[in-house]
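I opened the coordinates and kept short notes on what I looked up. The entries follow in the order I made them.

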Amino acid sequence: MKKPVNVVITGAAGNIAYSAIFRVASGQMLGNDQPVNLKLIDIEPAMNALKGVMYELEDCAFPLLNSITTTYDLNQGFEECDYALLIGAKPRMKGMERKDLLKDNGKIFKPQGQAINNVANKNVKILVVGNPANTNALIAMHNAPSIDPKQFTSMMRLDHDRSIAQIANKYETNINEVKKVIVWGNHSNTQVPDLSYTEVSGKNIKEIINDPWYTNDFIPRIQNRGAEIIEARGLSSAASAANAAITHMRDWAQGSNDWLSIGQISNGNSYGISENLMFSFPSLCSNGSYERIADVNMSDVLNDYIKITEQELIQERDSVLDLL
Ligand code: NAD
Ligand code: LMR
């Protein structure tokens, strides 16, 4: 058996966490031979509910679950953290955009970044899920100067997987047949799902970009899928978000042979995107790290879309300069 690793989940008494925690404890994120110490963080008023989650975890008798800590103390929670899923934050309601949450949620990520800086392991892998995820990740990163900025990522995997599912549907094929999808930019309604390199059953489908289906149906569907779920469910996505968080971290830790979309610091990118943004780029994961794919030719059709999502991220960043 390997030595246990410390996995922090914030917002641990919330909806997404309830779909994620048990899967992490069962080995679906870090592998069937990797024991975990689960460190569950929420705010003080949620401690009783969190105790209930802990009881249920105990009752599952997961062989890989080495220990469980529940706390609202960030320094206790993040101590020697190896993996962090930063989920805890308000979800939006019908009619809101995710960036409308920045005023309330942005301030959550400053003290979390500081605690990560002070007490987490230096090679910690961090995924920000709480919305608006990209700018919250930027806030956490800026408050953790002793951690490599690359260790901070924001979740675009749900958008990536939504794209794969829609394409598999259109081509009436299995999910496994769809490869090399890209989602650029912000996890918002400006994100840019790009099929220029996408392959279905090994065949490139880039001609679909000139089909009205791509701009009139596909792009808006993916951009607005979160809102579509809120409209139908009355609540934001939870199980699919938890699934995306687990697979993002799983592939980062264990590798993947397909392209992935990862919100990451834009510094040094080859696409002319401004520096100091958490921007989603196509990436590959292997040996416990991810690398941005540097040589994608961005289709002209997408230039204006990319500028809009970049501009939105700049505006979001400029509205939280006091937190950086
Ligand atoms: P929820 O309201 O069910 O749970 C949020 C939890 O966070 C609550 O238990 C709350 O007490 C806790 N919390 C609040 N402030 C906290 C703090 N400072 N520290 C620790 N915990 C804190 O919400 P949810 O449905 O689980 O969604 C959580 C967040 O994830 C929302 O912001 C939502 O918009 C976002 N989300 C992101 C994606 C994505 O793709 N990036 C997908 C779905 C949802
Ligand atoms: C989603 O994409 O489902 C989440 O970001 C939740 C939301 O507010 O749309």
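For these notes I call a residue buried when its relative accessible area is under 20% and exposed when it is over 50%, with partly exposed in between. The model is a predicted one.

**Entry 1: helix H8**

I began with helix H8, residues 225–233, and asked which of its residues are buried. I found Gly226, Ile229 and Ile230. I then checked how they are placed around the axis: they span an arc of only 100°, so they sit on the same side of H8.

Next I looked for what the buried residues of H8 pack against, and noted helix H6 (157–170). On the face of H8 turned away from the buried side I listed the exposed residues Glu231 and Ala232. After H8 comes glycine 234, and I recorded its phi as positive, near 80°.

**Entry 2: a three-stranded sheet**

I traced an open sheet of three strands in the order S7-S10-S11, with antiparallel pairing. The edges are strand S7 (178–179) and strand S11 (203–204); each has a single partner strand, so one side of each has no neighbour in the sheet. For the pairing of strand S10 (residues 199–200) with S11 I noted two bridges, the strands running antiparallel. Here valine 200 lies opposite lysine 203 of S11.

**Entry 3: valine 181**

I moved on to valine 181, in the loop between S7 and strand S8 (182–184).

I then listed what valine 181 touches, leaving out residues up to four places away in sequence: His160, Ser163, Ile164, Ile167, Asp194, Thr198, Trp259 and Ser261. For tryptophan 259, which is 78 residues from valine 181 along the chain, I noted a C-alpha separation of 6.7 Å.

**Entry 4: salt bridges**

How many salt bridges are there? I counted 13, taking a side-chain nitrogen of Lys or Arg within 4 Å of a carboxyl oxygen of Asp or Glu. I wrote up some of them.

Arginine 92 and glutamate 97 form a salt bridge at 3.7 Å, N to O. Arginine 92 has 8% relative accessibility and so counts as buried, whereas glutamate 97, at 31%, is partly exposed.

Lysine 150 is bridged to glutamate 291, with the closest N and O atoms 3.4 Å apart. This pair links distant parts of the chain, 141 residues apart: lysine 150 is in the loop between helix H5 (133–142) and strand S6 (152–154), and glutamate 291 is in strand S14 (residues 289–292). I put lysine 150 down as partly exposed because its relative accessibility is 28%. Glutamate 291 is also partly exposed, at 48%.

Last, I looked at aspartate 251 and arginine 250, whose closest N and O atoms are 3.0 Å apart in a salt bridge. Aspartate 251 is buried, with a relative accessible area of 4%, and arginine 250 is partly exposed at 31%. Which residues does the network around this pair contain? Through shared partners, salt bridges join Arg157, Asp161, Arg250 and Asp251 into one network.

Note on methods:
Residues numbered from 1 in each chain as written. Chains lettered and ligands numbered in written order. Predicted model: local features only at pLDDT ≥ 70, side-chain atom pairs only at ≥ 80, totals over all residues. Heavy atoms only, no water. Buried < 20%, exposed > 50% of the residue type's maximum accessible area, 1.4 Å probe, protein only. Helix = DSSP H or I, 4+ residues; strand = E, 2+ residues; numbered from the N terminus. Arc of directions from axis to C-beta. Contact = heavy atoms within 4.5 Å. Pairing = 2+ DSSP bridges.
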